[in-house]
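Morning, everyone. One structure today, and I'll keep it short. Please have a look at the screen first.

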Amino acid sequence: MTTRISTTMALHQPQDPYLLERSWQRSRDYGLSRHSRVDRLCLLRPDLQQRKQQHAQLLRYLNSSLPLFEQLQQGRRCRLLFADAEGTILFSTGDPYFGSKAQKMALANGASWHEQSMGTNAIGTALSEQKEICILGQQHFLAANHGIGCSASPVLSPSGELLGVIDISSEMGEHNQDMLLTARLMAQAVENALVINQQDTHWILNLAPDAGSLQQPWSGIIALREDGKLLGANRSARNWLQELDIPTMLSELKQGELTPLGQGMALLSRQSRSSSVASPKPAPQARSPVPHEVTALKLMARRIPLLVQGETGTGKDHLVRRLHQASQRADGPLVAVNCGALPTDLLEAELFGYVGGAFTGGSKQGRPGYVRAAHQGILFLDEIGELPLAAQTRLLRVLQEKTVTPLGSHVPEPVDFQLIAASHRNLATMVEQGEFRQDLYFRIKGFKLTLPPLREYKDEDFDRLVRTLLSELQQDDPVSGATVAGEKVLDEPVLDEQVLDETALQTLKAYSWPGNIRQLKQLLEVALVLADGNRIDLEHLPELPRCDGPATGNTRDLKSLGDQLIERTLKECNGNVSAAARQLNLSRTTIYARLKALKNC
């Protein structure tokens with residue numbers, strides 16, 4: 001065997017001299033000009049959480065590699081970012097004081113840096129070229145970005161698929177050449193962890209030009225199953241993978257011994273899960289499903305669609321995530337779509353996908369669409385009542401025929417997904433009013449789950465919910481370093497007066513919660529910050545309306561407290577019902593109805 005082993009990613013590579021020219025031409029082709037107004041595209045929170053969930057393993061490995069970033073860029077005013085293959089930032093950390101307010105918004109989680117919207121930039125251009133790149137100041141196509149410098153390196157999956165990019169951004173005058181090196185090393189560390197920690201990895205084969213380079217981030221790494229089947233390789237090994245006769249190598253190499261191989265060295269070792277530094281945290285232990293969830297799971301096993309109804313904020317999205325984790329499709333994707341947030345002119349393209357060249361401004365490669373992305377998983381259509389009738393007709397055909405035809409194509413493609421739809425609107429009333437197709441309504445309503453509003457919770461159920469939310473909020477989030485619900489859920493979290501005193505708990509119970517669980521969770525999150533490790537009491541609940549004077553039956557009247565909140569919010573919004581509705585997460589109809597009832601009192 002005369003395999004030549006070489007390190008394909010040198011520490012210093014010259015940048016392609018024509019790369020900027022190509023990127024600037026693409027920016028013009030997208031219809032941008034140097035002084036185009038920058039419209040910051042930002043994902044809504046549910047969509048952002050869905051993207052993070054899809055990349056949870058990668059983000060955990062990136063989080064575990066942060067000491068490398070901190071060591072190499074210590075004291076510098078810069079930020080480390082990860083953006084997915086669509087150019088959307090899913091991870092952001094580093095100097096919180098870097099940049100203007102506008103720049104901080106642009107570099108925040110959920111912001112998009114695709115070339116199509118932001119022109120030439122390190123994230124978008126690295127994705128388009130699938131190369132590492134440094135874009136400094138006026139090399140950015142848009143003048144609005146001339147004040148920053150960015151270095152980005154792609155992140156590839158074990159099979160060589162583009163997952164996203166790691167980027168380091170700073171003020172233009174403070175950007176340093178070694179920031180690209182740091183981004184590259186971070187990308188290599190994440191890629192190596194993804195290769196090594198695959199589920200069936202048994203053998204790890206390290207390859208390098210010399211013994212001193214073995215097991216370094218830039219050395220070649222190949223993951224093999226116990227029977228020698230290739231599972232994946234990092235980019236250093238991938239370029240000369242075809243030259244290797246793996247079965248012969250496995251028979252010749254001895255585990256744990258350095259072995260000359262061609263013009264380099266090889267080391268075969270057995271993967272040890274316990275010794276893997278970057279191995280992900282154990283899967284969270286989900287709480288036991290309640291009776292209606294057990295029923296839903298049985299129906300899902302027979303592919304019967306579910307319809308989840310309930311007021312805004314009652315936890316419909318959390319319920320769907322729990323059902324996904326406990327279902328037979330837990331290994332498949334959970335694709336959550338907020339139908340009310342889809343742009344009207346692109347709604348069908350977003351849902352059903354399109355082929356390249358289907359319409360002006362679309363991706364040249366086309367897009368699979370949400371329905372095809374949910375293949376072998378769960379498609380969660382939230383706020384399905386917001387779908388226009390034309391899209392309802394196409395969705396009905398997809399559900400009936402189990403196929404989807406992308407825009408610009410005449411070839412139907414089979415799809416297999418479990419449908420869960422949700423809405424806070426009364427779909428039966430919408431059917432009567434001609435706003436929702438009756439046949440689609442009966443198609444999605446295989447089994448209906450109705451989530452009660454928080455004001456109707458029994459005392460013990462409310463106590464349990466508060467305990468759970470506080471326990472979740474106090475857990476460290478391995479994805480973003482902040483706190484987030486759902487990473488660790490305990491069957492019965494312990495909550496005593498060291499965390500929340502009894503008076504504060506009773507005050508929470510007395511409130512009407514027009515925003516339901518979402519409002520309660522946000523209030524508790526604020527309270528934890530204000531308490532700063534101390535016990536939460538009334539002073540840490542400043543946004544919670546309270547009646548002055550002694551407690552009476554009226555002070556515990558939930559509807560009365562809700563009306564007080566509506567009146568106060570309207571006053572703060574100068575009588576603007578739409579603004580008050582958005583702030584309270586209520587419909588304008590509900591507010592008008594309560595105002596009319598108050599007027600008649």
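A word on terms before the counts. Helices here are DSSP runs of H or I with at least four residues, strands are E runs of at least two, and both are numbered from the N terminus. Also keep in mind that this is a predicted model.

With that, the chain has 23 helices and 17 strands. It is 601 residues long, and 48% of those count as buried. Now the contacts. Take the ones between residues at least 6 apart in sequence: 66% of them join residues at least 24 apart. The exposed surface comes to about 29,800 Å². Carbon and sulfur atoms supply 49% of that area.

What is the strand order in the open sheet of 5 strands? The order is 12-13-16-11-17, and the pairing is parallel. Strand 12, residues 334–338, and strand 17, residues 447–450, are the edge strands. Each of these two pairs on one side only. From one strand to the next, the twist averages 20 degrees.

Let's zoom in on one pair.

Helix 12, residues 316–326, lies across strands 11, 12, 13, 16 and 17. Strand 13 is 377–382, and strand 16 is 417–423. Against strand 13, helix 12 runs at about 170 degrees.

On to cysteines. How many disulfides does a search of the whole structure find? The search finds 0. A disulfide, remember, is a covalent bond between the sulfur atoms of two cysteines. Take C134 as a case. The cut-off here is within 2.5 Å. C134 is also buried, with a relative accessible area of 18%.

Last stop, helix 21, residues 558–572, which is where R568 is found. Is R568 buried or partly exposed? R568 is partly exposed, because its relative accessible area is 32%, and that category lies between the 20% and 50% limits. A580 sits 12 residues from R568 in sequence. In space, the two are 9.4 Å apart, C-alpha to C-alpha.

That's my tour. Over to you.

Technical notes. Residues numbered from 1 in each chain as written. Predicted model: local features only at pLDDT ≥ 70, side-chain atom pairs only at ≥ 80, totals over all residues. Heavy atoms only, no water. Buried < 20%, exposed > 50% of the residue type's maximum accessible area, 1.4 Å probe, protein only. Contact = heavy atoms within 4.5 Å. Areas by Shrake-Rupley, 256 points an atom, 1.4 Å probe, with all protein chains shown as cover. Pairing = 2+ DSSP bridges. Axes fitted to C-alpha atoms, helices over the stretch in contact; angles between N-to-C directions.
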